[in-house]
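Work through the exercises below with the sequence and the structure in view. Try each task before reading its solution.

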Amino acid sequence: MQVVLISGLSGSGKSVALNVLEDNGYYCVDNLPVKLLAETVQLLRSAGQQWVAVSIDARGGQSVATLPGYIDDLKAQQIDARLLFLDSKNDTLMRRYAESRRRHPLAAADLTLEESIASERALMAPIAEVGHRIDTSDLHPNVLRSRIKDLLQEDRGTTSLLFESFGYKHGVPLDADFVFDVRCLPNPFYELRLRPLSGRDAAVIGFLEAEPSVARMLADIGDFVESWLPAFRNDTRAYLTVAIGCTGGQHRSVYIAERLAARFSAQDGRSPVIVRHRQLVTPR
């Protein structure tokens, strides 16, 4: 039996995620109190349901903090329990609420929307550390749907490596496990002929590979990830997200992310490799 738990901040896309799972044959339960999780799973298991998705979030109140213990109990029963935590930046959440004109679940007469979001973030913080975190700030709903489908297709027991390039001027990804700053490297942006290109173009690659500091940075990051990857496998982590940031997310970070993905793709295959470039318009 597989149980996918959907949690996260209100307005981050939990409804989209639950709809994706329902469309893919999961029996879905929305807004289930944490205390009813074990009973509900056993009931559905006895009814022959093999694929179950449950949404648990701040609407359940302070008891949501006990969710990690319930997940451990499910795993002890040989149930494939996975937690997807959807997150988003505060300004994005505020914009979405303004557009939808919906009431925040923690709204109160003496709280502004921004304060309600901050309160929810504090309440959900322990849960965010347990599962796979997805930053939906810049994701179109169709991209989020695709990403969730990809997650569900991964084999249990593997740790997938996600290398993500980004631009610091657009903010650090909320779902990164490790963040490496490569802004100290020579910047192709200041070469006019390279400015419109990206770190996937041959001219930019040639520029960066001519700089010894780039090779050292690439080797150091790769060696660090390789050294610690077994620990994350032993911790049964489904994903390890390594974010590489430069100023605009177009040249240096893209090049480093691509090279790291190539290095780990050529290894033993125990860690499926994904590469994403947050700031590039053209997808990989």
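The exercises go from the whole chain to single residues.

The model is predicted, so local features need pLDDT of at least 70, side-chain atom pairs count only at pLDDT 80 or more, and totals for chains, interfaces and linings use all residues. Residues are numbered from 1 along each chain as its sequence is written, and side-chain values use heavy atoms, with hydrogens and water left out.

**Exercise 1. The whole chain**

Task: Describe the secondary structure, the extent and the burial of the chain.

Solution. Step one is to list the elements. Helices (H or I, at least four residues) and strands (E, at least two) are DSSP runs, numbered from the N terminus. The chain has nine helices and nine strands.

Step two is the overall form. The radius of gyration, taken over C-alpha atoms, is set against the globule rule, 2.2 Å times the number of residues to the power 0.38. The chain has a radius of gyration of 20 Å, close to the 19 Å that the rule gives for 284 residues, so the chain is as compact as a globular protein of that length. Its C-alpha trace spans about 60 × 45 × 30 Å along the principal axes.

Step three is burial. Buried means under 20% relative accessible area, exposed over 50%, and partly exposed in between (1.4 Å probe, protein chains only). Of the 284 residues, 46% are buried.

Step four is contacts, which mean heavy atoms within 4.5 Å. Among contacts between residues at least 6 apart in sequence, 79% join residues at least 24 apart.

**Exercise 2. Aromatic rings**

Task: Say how many aromatic pairs there are and describe two of them.

Solution. A pair of aromatic rings is described by the distance of the centres and the angle of the planes. Rings of Phe, Tyr and Trp (its six-membered ring) pair if their centres lie within 6.5 Å; planes under 30 degrees apart count as stacked, over 60 as edge-to-face and the rest as tilted. By this rule there are eight aromatic pairs.

One of them joins Phe178 and Phe232, edge-to-face, at 5.6 Å centre to centre with 80° between the planes. This pair links distant parts of the chain, since Phe178 is in strand E7 (residues 178–181) and Phe232 is in helix H8 (residues 212–234), 54 residues apart. Both Phe178 and Phe232 are buried.

Phe189 and Tyr190 also form an edge-to-face pair, at 5.6 Å centre to centre and 85° between the planes. Phe189 is partly exposed at 34% relative accessibility, and Tyr190 is exposed at 63%.

Last, look for a cluster: Phe178, Phe180, Phe224 and Phe232 form one.

**Exercise 3. Charges over rings**

Task: Which rings have the charged end of Arg183 or Arg195 over them?

Solution. A charge sits over a ring if NZ of Lys or CZ of Arg is within 6 Å of the ring centre and within 35 degrees of the ring normal. Arg183 sits over the ring of Tyr168, 3.7 Å from its centre. Arg195 lies over the face of Phe189, at 4.1 Å from the ring centre.

**Exercise 4. Positive phi**

Task: Locate Asn31 and Arg101, and say whether each is buried, partly exposed or exposed.

Solution. Asn31 is in the loop between strand E2 (27–29) and helix H2 (37–46). Its phi is near 55°, a positive value in a residue other than glycine. Asn31 is partly exposed, at 32% relative accessibility.

Arg101 is in the loop between helix H4 (90–100) and helix H5 (113–128). Its phi is positive too, about 60°, although Arg101 is not a glycine. Arg101 is exposed, with a relative accessible area of 78%.
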